[in-house]
Amino acid sequence: MTNALLRVCVLGMLLASLPVAAKDKVPRTATRAELPSGFAIGSGAPVLALQVEVADGKVASWAPAGEGGGNLRGTRSGDAAQTTLMVSSALPEAIKFDLYVSTDGERFEYASTCGVTPGVSSFEMWERPITLFAMGNPRVLPKGRMDCD
């Protein structure tokens, strides 16, 4: 085997062993029944919320929170032509989460989001009316890194 071919094989094995990005692990579309368990589902009016517990720099647990509760919260605004979801976090770490949107309440599609840093809200917008949101799978972002996908 030549050195060039050996390098290509080793590089291929290294790339194959890298972890898959979170966005590649979630389904891109789902029915309401197929959404991952533990997701908060709602209109975002007055609020869509998760209660997230963090320990040792990682999410230890999370669950949907009732109205008025939760430390990762989404609030809807907009009109018939545009929908906005403002997401805020009361956690001390930057948090990334998965979000699905639905125009009919039954079929959901994965939506790109940006991580939420402490004290700063994130705004996600769509040029169409969104009926329901499904928010879940929170994870702590590494220090100094801000993901949007």
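How many disulfides does a search of the whole structure find? I searched and found one. I counted a disulfide as a pair of cysteine sulfur atoms within 2.5 Å.

**Ground rules.** I am working with a predicted model, where local features need pLDDT of at least 70, side-chain atom pairs count only at pLDDT 80 or more, and totals for chains, interfaces and linings use all residues. I number residues from 1 along each chain as its sequence is written, and my side-chain values use heavy atoms, with hydrogens and water left out.

**Entry 1: the disulfide.** I looked up the partners, and they are C114 and C148, with S to S at 2.0 Å. The link is right-handed, with 115° about the S-S bond. C114 sits in the loop between β8 (107–111) and β9 (122–126), and C148 in the segment after β10 (132–140), so the bond ties together parts 34 residues apart in sequence. I then checked accessibility. C114 has 25% relative accessibility, so I noted it as partly exposed. C148 has 49%, so it also goes down as partly exposed. My cut-offs were buried under 20% relative accessible area, exposed over 50%, and partly exposed in between (1.4 Å probe, protein chains only).

**Entry 2: strands around β5.** I took strands as DSSP runs (E, at least two residues), numbered from the N terminus. Two strands pair if DSSP finds at least two bridges between them. Strand β5 (residues 72–78) pairs with β3 (residues 48–55) in the antiparallel sense, over three bridges. I traced one of them: A49 has R73 as its bridge partner. β5 also pairs with β6 (residues 83–89), again antiparallel, over seven bridges. There, R73 stands opposite S88. Last, I followed the chain from β5 to β6 and found a hairpin of four residues joining them.
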